[in-house]
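Hi everyone, thanks for coming along.

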Amino acid sequence: MKFPFHPKLLDTLPGYGKGQLSHDVSAGLTVGVLALPLAMAFAIASGMSPTAGIWTAIVAGFIISALGGSRVQIGGPTGAFIPIIYAIVVDYGVQNLLVATMLAGAMLVAMGVFRIGNLIRFIPKTVVIGFTNGIAVVIFLAQIKDFLGLQIEHMPGELFGKVKALVTHLDTVDVPTVALSVASLLVLLSWNRLARRYPAVGRLPGPLGVLVLATAANAILQLPVETIGSRFNGIPQELPAIGLPELSLATLGKLISPALTIALLGAIESLLSARVADSAIDDRHDPNQELIAQGLANLVAPLFGGFAATGAIARTATNVRTGGRTPVAGIVHALVLLAVVLVFAPFARHIPLATLSAIVVVVSINMGEWHEFKGLSRFSLPYRTTLLTTFLVTVLFDLTLAVELGMVLASLFFIYRMSDLTRVERLPLAELSMMPGFLYPDGAPRVVAYSVYGSLFFGAIHKLEALLDPAEIHPEVVILEMQHLLSMDTTGMEGLESLCKNLHKRGCALILCNLNTQPDSLIRRSGFGDEVGPNNLCSDLYSALARARQLLPRLSDEDPL
């Protein structure tokens with residue numbers, strides 16, 4: 001198997017000029033300043049330090065852009081990972097989170113090498129919407145503590161414990177924190193309106209603008225609120241120590257499931273982001289190359305203290321809107337973040353956690369496709385059931401369980417629909433009554449024909465049982481007209497073999513005609529074509545009737561073939 005490794009960057013370098021460099025640098029600067037507050041906010045909401053979030057954006061962002069399969073993908077920590085990362089930190093600790101992230105990276109690389117990227121696209125829309133909206137709700141609930149300034153030392157990872165902790169600590173609400181949170185939230189929600197009225201405002205992304213205003217106000221007024229400095233002692237103005245996380249063989253097996261969750265969500269979100277970007281720039285990404293880059297990013301980021309990263313839809317969209325058209329823009333975005341850490345890190349001490357919480361609240365509101373709930377009544381029961389089940393299980397229990405259950409439901413409903421579409425209908429062959437020897441003395445037909453529609457597979461094999469109804473007078477020849485049979489699996493093949501054997505036991509013959517390519521290939525490769533008889537595989541219904549006429553005298557002499 002050829003190793004699929006061809007970064008999109010290699011395709012964009014030939015003919016690359018100053019004009020495109022100017023656009024890419026401009027877009028990279030914009031995305032870089034947007035990524036700064038988001039990286040810190042997502043890290044804190046995940047139970048990590050803001051430094052870990054920034055270095056995740058720097059290292060993973062650089063690798064995803066330099067080695068990815070999309071021209072404009074921007075990588076880094078995302079809101080979708082918050083409940084997953086937080087739960088792993090609570091249950092296993094930070095060091096084991098880094099190990100789980102590296103395991104997920106190895107899984108993503110394997111997915112890309114074995115070309116599983118195209119299969120990720122087969123996850124139904126209902127499952128994607130269900131867990132996306134569920135994650136948005138979980139993120140929103142997780143921000144209530146910092147948004148209200150509640151004094152909770154250990155926030156549980158699971159929903160019911162989290163709600164109980166919030167309710168029992170409501171009496172610890174901090175008024176200054178709430179005031180700053182609400183003010184930050186209102187400014188964020190009205191930022192686009194302000195940008196339209198004051199063009200100078202629009203030059204800054206909303207999250208960065210709010211962060212600058214709140215940080216400046218806190219530095220000047222010394223507000224009595226918790227900050228990055230008070231909780232995390234600021235952000236180090238230096239490169240992090242590079243090293244492998246501590247590995248415990250006792251917990252390695254327990255980390256497989258969390259790692260699989262990280263890998264699955266990372267693959268879905270990154271390829272969804274790349275697909276959305278494709279429509280905006282009229283390009284086509286390489287899903288397998290993208291998965292390899294995502295995997296390498298998650299393998300390397302933990303060496304710098306970073307955690308899980310994937311393609312970020314909002315930052316990728318910003319990159320496209322501001323003129324980025326090659327991976328150079330994503331590389332510039334990572335370098336901008338690096339420059340910020342090395343130059344402006346001391347100012348981060350004054351960043352209020354309440355403002356970062358407000359930023360994540362807005363992200364959670366915007367990431368949910370809430371309009372899908374409003375229009376659920378227009379869709380079928382299977383659609384509603386799959387979407388709502390995935391949503392509720394994500395909120396109440398676990399994302400991995402939600403995706404697994406959603407996929408099972410979607411598959412079962414698909415099998416039911418395909419089974420419902422598969423039909424075996426009797427053909428009214430009026431010409432048989434005019435053919436001598438085709439009728440019994442009482443007028444019953446010695447030859448019957450059926451048309452098979454749809455797909456003959458394990459979920460629809462029972463449709464052949466009607467052909468052996470003991471209440472009917474048995475014909476001597478059964479013709480299956482299969483022009484409308486699109487596909488057949490091995491279970492369907494086994495059903496045909498069983499039908500043929502039962503007919504032969506009754507002294508009847510089976511003729512197949514009008515076979516499409518896939519069923520015909522399976523019948524001949526399996527050897528069933530020899531069992532039914534090469535002369536009983538006919539090109540059309542008229543040839544099948546002619547073959548039946550040849551068989552009738554022999555059948556009347558009790559010779560099945």
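By class, how many nonpolar, polar and charged residues does the lining of the largest pocket have? It has 25 nonpolar residues, alongside 11 polar and 5 charged ones. Please keep in mind that this is a predicted model.

Let's stay with that pocket for a moment. Its volume comes to about 1200 Å³, and 41 residues line it. If you want to find the centre on your screen, look for Ile 313, Ala 314, Arg 315, Val 363 and Asn 366, which lie nearest to it. Several helices give two or more residues to this lining, among them α2 (18-45), α15 (256-281), α17 (313-321) and α19 (353-367).

Now for the cavities. Searching the whole structure turns up 2 of 30 Å³ or more.

The largest cavity has a volume of about 40 Å³. Two elements, α2 and α19, each give two or more residues to its lining, and α19 gives the most, with 4 residues. Among the lining residues you'll see Ala 41, Gln 143, Asp 146 and Leu 356. By class, that lining has 6 nonpolar, 2 polar and 1 charged residues.

And the second largest cavity? What is its volume? About 30 Å³. Phe 131, Thr 261, Leu 264, Leu 265, Ile 268, Leu 399 and Val 403 line this one. Here α15 and α22 (399-421) give two or more residues each, with the largest share, 4 residues, coming from α15. The lining has 6 nonpolar residues and 1 polar residue, with no charged ones.

Key: Residues numbered from 1 in each chain as written. Predicted model: local features only at pLDDT ≥ 70, side-chain atom pairs only at ≥ 80, totals over all residues. Heavy atoms only, no water. 1 Å grid on protein atoms, 1.4 Å probe; cavity = no way out; pocket = protein on both sides within 12 Å on 5 of 7 lines; lining within 4 Å. Points joined across faces, edges and corners; volume = space filled by probe spheres on them. Nonpolar A, V, L, I, M, F, W, Y, C, P; charged D, E, K, R; others polar.
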